[in-house]
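Here is a friendly briefing to read alongside the model. Please keep the structure open as you go through the points.

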Amino acid sequence: MSRIFLLIVTNIAVMLVLSMVCSLLGVQHYLAEEGINFTALLVVSAIFGFGGAFISLAMSKFIAKRSVGARVIQTPRSETEVWLVQTVAKLAQRANIGMPEVAVYEGPPNAFATGARRNASLVAVSTGLLQSMNRSEVEAVLGHEVAHVANGDMVTLTLIQGVVNTFVFFLARVVGYAVDKAIFKSERRTGPGYYLTVWACQIVFGILASVVVAWFSRRREFRADAGSADYLGQPQPMVEALRRLGGMKTEELPETMKAAGIAGGKLSALFSTHPPIEARIAALQKHPK
(Lines give C-alpha, C1' and ligand atoms only; values in the text may rest on other atoms or scores of the structure.)
Protein backbone atom coordinates (compact mmCIF):
# COMPACT_ATOMS: atom_id res chain seq x y z
CA MET A 1 0.00 0.00 0.00
CA SER A 2 2.83 2.40 0.86
CA ARG A 3 4.40 1.81 -2.58
CA ILE A 4 1.13 2.69 -4.34
CA PHE A 5 0.94 5.87 -2.28
CA LEU A 6 4.55 6.65 -3.18
CA LEU A 7 3.79 6.18 -6.88
CA ILE A 8 0.79 8.56 -6.70
CA VAL A 9 2.72 11.19 -4.74
CA THR A 10 5.68 10.94 -7.12
CA ASN A 11 3.47 11.40 -10.17
CA ILE A 12 1.83 14.46 -8.63
CA ALA A 13 5.19 15.90 -7.58
CA VAL A 14 6.64 15.49 -11.08
CA MET A 15 3.63 17.21 -12.61
CA LEU A 16 3.78 20.10 -10.13
CA VAL A 17 7.51 20.66 -10.59
CA LEU A 18 7.28 20.58 -14.37
CA SER A 19 4.25 22.88 -14.32
CA MET A 20 5.95 25.42 -12.03
CA VAL A 21 9.21 25.45 -14.00
CA CYS A 22 7.42 25.80 -17.32
CA SER A 23 5.21 28.56 -15.95
CA LEU A 24 8.23 30.52 -14.72
CA LEU A 25 10.00 30.10 -18.07
CA GLY A 26 6.93 31.07 -20.05
CA VAL A 27 6.67 27.66 -21.72
CA GLN A 28 2.98 27.29 -20.90
CA HIS A 29 2.21 30.61 -22.58
CA TYR A 30 4.31 29.70 -25.61
CA LEU A 31 2.62 26.32 -26.05
CA ALA A 32 -0.82 27.88 -25.64
CA GLU A 33 -0.04 30.36 -28.40
CA GLU A 34 0.90 27.44 -30.66
CA GLY A 35 -2.37 25.71 -29.88
CA ILE A 36 -0.73 22.99 -27.80
CA ASN A 37 -2.41 21.78 -24.63
CA PHE A 38 0.24 21.99 -21.91
CA THR A 39 -1.64 19.85 -19.41
CA ALA A 40 -2.35 17.13 -21.96
CA LEU A 41 1.32 17.00 -22.97
CA LEU A 42 2.32 16.75 -19.32
CA VAL A 43 -0.13 13.93 -18.62
CA VAL A 44 0.94 12.00 -21.73
CA SER A 45 4.60 12.44 -20.72
CA ALA A 46 3.90 10.99 -17.27
CA ILE A 47 1.93 8.08 -18.71
CA PHE A 48 4.70 7.16 -21.14
CA GLY A 49 7.46 7.93 -18.63
CA PHE A 50 6.10 5.82 -15.80
CA GLY A 51 4.25 3.31 -17.96
CA GLY A 52 7.34 1.85 -19.57
CA ALA A 53 9.24 1.77 -16.27
CA PHE A 54 6.48 -0.09 -14.46
CA ILE A 55 5.87 -2.55 -17.28
CA SER A 56 9.57 -3.42 -17.07
CA LEU A 57 9.27 -3.83 -13.29
CA ALA A 58 6.20 -6.05 -13.59
CA MET A 59 8.01 -8.28 -16.08
CA SER A 60 11.39 -8.13 -14.33
CA LYS A 61 11.44 -11.70 -13.00
CA PHE A 62 10.31 -13.19 -16.30
CA ILE A 63 12.85 -11.12 -18.26
CA ALA A 64 15.65 -11.94 -15.81
CA LYS A 65 15.06 -15.67 -15.99
CA ARG A 66 14.97 -15.66 -19.78
CA SER A 67 17.93 -13.29 -20.17
CA VAL A 68 20.41 -15.45 -18.26
CA GLY A 69 18.69 -18.83 -18.55
CA ALA A 70 18.16 -19.03 -14.79
CA ARG A 71 16.71 -22.22 -13.33
CA VAL A 72 14.53 -21.72 -10.28
CA ILE A 73 15.30 -24.33 -7.63
CA GLN A 74 12.01 -26.17 -7.11
CA THR A 75 13.57 -29.41 -5.92
CA PRO A 76 17.27 -29.06 -4.98
CA ARG A 77 19.52 -31.27 -7.12
CA SER A 78 22.56 -31.11 -4.88
CA GLU A 79 23.71 -30.35 -1.36
CA THR A 80 24.83 -26.90 -2.58
CA GLU A 81 21.34 -26.09 -3.82
CA VAL A 82 19.84 -27.24 -0.51
CA TRP A 83 22.25 -24.90 1.27
CA LEU A 84 21.39 -22.03 -1.09
CA VAL A 85 17.65 -22.31 -0.46
CA GLN A 86 18.11 -22.63 3.30
CA THR A 87 20.50 -19.67 3.40
CA VAL A 88 18.17 -17.39 1.43
CA ALA A 89 15.28 -18.46 3.67
CA LYS A 90 17.29 -17.57 6.76
CA LEU A 91 18.30 -14.18 5.36
CA ALA A 92 14.76 -13.42 4.19
CA GLN A 93 13.47 -14.13 7.69
CA ARG A 94 16.04 -11.74 9.18
CA ALA A 95 15.07 -9.11 6.61
CA ASN A 96 11.36 -9.68 7.36
CA ILE A 97 10.40 -10.35 3.73
CA GLY A 98 8.66 -13.22 1.99
CA MET A 99 10.75 -16.12 0.76
CA PRO A 100 12.21 -15.20 -2.66
CA GLU A 101 12.49 -17.63 -5.52
CA VAL A 102 16.06 -18.95 -5.61
CA ALA A 103 17.69 -19.58 -8.98
CA VAL A 104 21.01 -20.68 -10.43
CA TYR A 105 22.35 -19.85 -13.88
CA GLU A 106 25.44 -20.69 -15.91
CA GLY A 107 27.92 -17.83 -16.19
CA PRO A 108 30.86 -15.87 -14.76
CA PRO A 109 30.75 -14.70 -11.11
CA ASN A 110 27.68 -12.57 -10.46
CA ALA A 111 24.36 -12.54 -8.63
CA PHE A 112 21.24 -10.41 -8.76
CA ALA A 113 17.83 -9.81 -7.20
CA THR A 114 14.71 -8.58 -8.93
CA GLY A 115 10.94 -8.52 -8.62
CA ALA A 116 8.09 -6.05 -8.33
CA ARG A 117 7.28 -6.83 -4.68
CA ARG A 118 9.27 -7.47 -1.52
CA ASN A 119 7.34 -10.67 -0.88
CA ALA A 120 7.54 -12.02 -4.44
CA SER A 121 11.13 -11.53 -5.52
CA LEU A 122 13.87 -13.55 -7.18
CA VAL A 123 17.45 -14.05 -6.01
CA ALA A 124 19.81 -15.70 -8.49
CA VAL A 125 23.47 -16.64 -8.39
CA SER A 126 25.80 -17.80 -11.15
CA THR A 127 27.67 -21.07 -11.18
CA GLY A 128 30.86 -19.04 -11.54
CA LEU A 129 30.22 -17.28 -8.24
CA LEU A 130 29.43 -20.56 -6.44
CA GLN A 131 32.63 -22.13 -7.75
CA SER A 132 34.94 -19.22 -6.95
CA MET A 133 33.75 -18.20 -3.46
CA ASN A 134 33.56 -20.00 -0.16
CA ARG A 135 30.21 -20.30 1.59
CA SER A 136 30.78 -17.40 3.93
CA GLU A 137 31.39 -15.13 0.95
CA VAL A 138 28.43 -16.50 -1.00
CA GLU A 139 26.22 -15.95 2.05
CA ALA A 140 27.37 -12.33 2.20
CA VAL A 141 26.49 -11.87 -1.49
CA LEU A 142 23.08 -13.43 -0.89
CA GLY A 143 22.62 -11.05 2.05
CA HIS A 144 23.43 -8.14 -0.25
CA GLU A 145 20.76 -9.25 -2.73
CA VAL A 146 18.17 -9.86 -0.02
CA ALA A 147 18.91 -6.36 1.30
CA HIS A 148 18.09 -4.95 -2.15
CA VAL A 149 14.70 -6.66 -1.90
CA ALA A 150 14.09 -5.55 1.69
CA ASN A 151 15.03 -1.96 0.86
CA GLY A 152 12.60 -1.92 -2.06
CA ASP A 153 15.41 -0.91 -4.41
CA MET A 154 13.73 -2.28 -7.52
CA VAL A 155 10.63 -0.14 -6.93
CA THR A 156 12.69 2.91 -5.95
CA LEU A 157 14.79 2.72 -9.10
CA THR A 158 11.64 2.26 -11.16
CA LEU A 159 10.15 5.43 -9.65
CA ILE A 160 13.35 7.35 -10.38
CA GLN A 161 13.46 5.98 -13.92
CA GLY A 162 9.84 6.97 -14.38
CA VAL A 163 10.54 10.53 -13.21
CA VAL A 164 13.50 11.03 -15.54
CA ASN A 165 11.60 9.38 -18.41
CA THR A 166 8.81 11.91 -17.90
CA PHE A 167 11.24 14.81 -18.00
CA VAL A 168 12.95 13.44 -21.12
CA PHE A 169 9.67 12.84 -22.96
CA PHE A 170 8.23 16.24 -22.04
CA LEU A 171 11.31 18.43 -22.52
CA ALA A 172 12.25 16.78 -25.83
CA ARG A 173 8.88 17.73 -27.25
CA VAL A 174 8.92 21.27 -25.86
CA VAL A 175 12.35 21.85 -27.40
CA GLY A 176 11.11 20.21 -30.60
CA TYR A 177 8.22 22.66 -30.90
CA ALA A 178 10.52 25.63 -30.22
CA VAL A 179 13.23 24.61 -32.70
CA ASP A 180 10.71 23.73 -35.39
CA LYS A 181 9.19 27.22 -35.23
CA ALA A 182 12.33 29.28 -34.58
CA ILE A 183 14.81 27.61 -36.94
CA PHE A 184 12.85 25.56 -39.45
CA LYS A 185 10.04 28.18 -39.64
CA SER A 186 7.45 25.44 -39.94
CA GLU A 187 3.90 26.68 -40.40
CA ARG A 188 2.47 23.37 -39.27
CA ARG A 189 2.20 22.34 -35.61
CA THR A 190 4.78 19.60 -36.10
CA GLY A 191 7.04 19.92 -39.12
CA PRO A 192 10.10 17.80 -40.02
CA GLY A 193 12.27 19.92 -37.72
CA TYR A 194 10.11 18.92 -34.79
CA TYR A 195 10.64 15.19 -35.31
CA LEU A 196 14.37 15.56 -35.91
CA THR A 197 14.77 17.70 -32.79
CA VAL A 198 12.70 15.38 -30.61
CA TRP A 199 14.75 12.40 -31.79
CA ALA A 200 18.05 14.18 -31.04
CA CYS A 201 16.86 15.57 -27.70
CA GLN A 202 15.61 12.21 -26.49
CA ILE A 203 19.07 10.76 -27.11
CA VAL A 204 20.88 13.64 -25.37
CA PHE A 205 18.42 13.97 -22.49
CA GLY A 206 18.30 10.19 -22.15
CA ILE A 207 22.07 10.08 -21.68
CA LEU A 208 21.89 12.82 -19.04
CA ALA A 209 19.02 11.00 -17.34
CA SER A 210 21.05 7.79 -17.18
CA VAL A 211 23.67 9.67 -15.15
CA VAL A 212 21.01 10.53 -12.56
CA VAL A 213 19.70 6.95 -12.41
CA ALA A 214 23.25 5.56 -12.11
CA TRP A 215 23.98 7.92 -9.19
CA PHE A 216 20.96 6.61 -7.27
CA SER A 217 21.94 3.06 -8.13
CA ARG A 218 25.42 3.55 -6.66
CA ARG A 219 23.91 4.90 -3.41
CA ARG A 220 21.74 1.80 -2.99
CA GLU A 221 24.76 -0.49 -3.40
CA PHE A 222 26.30 0.91 -0.23
CA ARG A 223 22.99 0.31 1.59
CA ALA A 224 22.79 -3.27 0.36
CA ASP A 225 26.38 -3.95 1.48
CA ALA A 226 25.49 -2.57 4.92
CA GLY A 227 22.34 -4.70 4.96
CA SER A 228 24.39 -7.84 4.34
CA ALA A 229 26.70 -6.90 7.21
CA ASP A 230 23.68 -6.46 9.50
CA TYR A 231 22.09 -9.80 8.57
CA LEU A 232 25.37 -11.65 9.11
CA GLY A 233 26.22 -9.73 12.28
CA GLN A 234 29.55 -8.49 10.92
CA PRO A 235 30.88 -6.74 7.79
CA GLN A 236 33.91 -8.99 7.22
CA PRO A 237 32.22 -11.66 5.04
CA MET A 238 30.96 -8.95 2.67
CA VAL A 239 34.40 -7.33 2.65
CA GLU A 240 35.99 -10.66 1.72
CA ALA A 241 33.36 -11.27 -0.97
CA LEU A 242 34.07 -7.86 -2.51
CA ARG A 243 37.82 -8.45 -2.40
CA ARG A 244 37.29 -11.75 -4.15
CA LEU A 245 35.13 -10.06 -6.80
CA GLY A 246 37.80 -7.41 -7.28
CA GLY A 247 40.27 -10.07 -8.31
CA MET A 248 37.94 -11.88 -10.69
CA LYS A 249 37.04 -11.37 -14.30
CA THR A 250 33.31 -10.72 -14.12
CA GLU A 251 30.94 -10.32 -17.02
CA GLU A 252 28.17 -7.75 -17.32
CA LEU A 253 24.58 -8.86 -17.05
CA PRO A 254 22.19 -8.03 -19.91
CA GLU A 255 21.44 -4.30 -20.33
CA THR A 256 18.08 -4.44 -18.53
CA MET A 257 19.66 -6.09 -15.47
CA LYS A 258 23.01 -4.33 -15.00
CA ALA A 259 21.89 -2.42 -11.93
CA ALA A 260 20.64 -5.64 -10.28
CA GLY A 261 23.97 -7.47 -10.19
CA ILE A 262 26.52 -7.70 -7.39
CA ALA A 263 29.25 -6.84 -9.91
CA GLY A 264 28.93 -3.73 -12.05
CA GLY A 265 30.30 -2.81 -15.44
CA LYS A 266 33.52 -1.02 -16.38
CA LEU A 267 31.92 2.17 -17.71
CA SER A 268 32.83 5.72 -16.79
CA ALA A 269 32.19 6.53 -13.13
CA LEU A 270 29.26 8.79 -14.09
CA PHE A 271 27.41 5.98 -15.85
CA SER A 272 28.42 3.10 -13.59
CA THR A 273 25.58 1.47 -11.64
CA HIS A 274 28.03 0.25 -8.97
CA PRO A 275 30.63 2.17 -6.93
CA PRO A 276 34.29 1.11 -7.08
CA ILE A 277 34.89 -2.00 -4.99
CA GLU A 278 37.55 -0.12 -2.99
CA ALA A 279 34.95 2.49 -1.97
CA ARG A 280 32.48 -0.21 -0.96
CA ILE A 281 35.08 -1.98 1.17
CA ALA A 282 36.07 1.30 2.82
CA ALA A 283 32.42 2.01 3.70
CA LEU A 284 31.99 -1.49 5.16
CA GLN A 285 35.12 -1.12 7.27
CA LYS A 286 33.46 1.89 8.93
CA HIS A 287 30.26 -0.08 9.53
CA PRO A 288 29.47 -0.69 13.22
CA LYS A 289 30.46 -4.20 14.22
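Predicted model: local features only at pLDDT ≥ 70, side-chain atom pairs only at ≥ 80, totals over all residues.

Residues are numbered from 1 along each chain as its sequence is written, and side-chain values use heavy atoms, with hydrogens and water left out.

**Overall make-up**

- The protein has eleven helices and four strands; these are DSSP runs numbered from the N terminus, with helices being H or I of at least four residues and strands being E of at least two.
- Of its 289 residues, 47% count as buried, where buried means under 20% relative accessible area, exposed means over 50%, and partly exposed lies in between (1.4 Å probe, protein chains only).
- Taking contacts (heavy atoms within 4.5 Å) between residues at least 6 apart in sequence, 69% join residues at least 24 apart.
- The accessible surface comes to about 14,500 Å², and 62% of it belongs to carbon and sulfur atoms; areas come from the Shrake-Rupley method with a 1.4 Å probe, and for residues only the protein chains shown count as cover.

**The nonpolar core**

- The largest nonpolar core has 40 residues, and those with the most contacts inside it include Leu84, Met133, Leu142 and Tyr231. Helix 7 (residues 135–150) gives the most to this core, with eight residues.
- Such a core is a set of buried Ala, Val, Leu, Ile, Met, Phe, Trp, Tyr and Cys residues joined through side-chain atoms within 4.5 Å.
- Beyond its neighbours within four places in sequence, Tyr231 is in contact with Leu91, Arg94, Ala95, Gly143, Val146, Ala147 and Ala150.

**The surface patch**

- Trp199, Ile203, Val204, Ile207, Leu208, Leu270 and Phe271 form a nonpolar surface patch with about 700 Å² of accessible area together.
- Patches are made of residues with over 30% relative accessible area and no salt bridge, with like charges joined within 9 Å and nonpolar side chains (Val, Leu, Ile, Met, Phe, Trp, Tyr) within 5 Å.
- Phe271 lies in the loop between helix 10 (236–246) and helix 11 (277–285), and Phe271 is partly exposed at 33% relative accessible area.

**Salt bridges**

- The count comes to ten salt bridges, each being a side-chain nitrogen of Lys or Arg within 4 Å of a carboxyl oxygen of Asp or Glu.
- Lys90 and Glu139 meet at 2.7 Å, N to O. This pair links helix 5 (residues 79–95) with helix 7, 49 residues apart; Lys90 is partly exposed at 31%, whereas Glu139 is buried at 15%.
- Glu137 pairs with Arg244, the closest N and O atoms being 3.0 Å apart. Here helix 7 is linked to helix 10, across 107 residues.
- Arg280 and Asp225 meet at 2.8 Å, N to O. Arg280 is in helix 11 and Asp225 in helix 9, so the pair ties together parts 55 residues apart in sequence.
- Arg280 is buried at 2% relative accessible area, and Asp225 is buried at 1%.

**Two local details**

- Helix 9 (residues 192–232) has 41 residues and should span 60 Å at 1.5 Å a residue; its end C-alpha atoms are 59 Å apart, which agrees. The expected span is 1.5 Å times one less than the number of residues.
- Gly233 follows helix 9 and has a positive phi, near 85 degrees.
- Ser121 sits in strand 4 (residues 120–126) and is buried at 1% relative accessibility.
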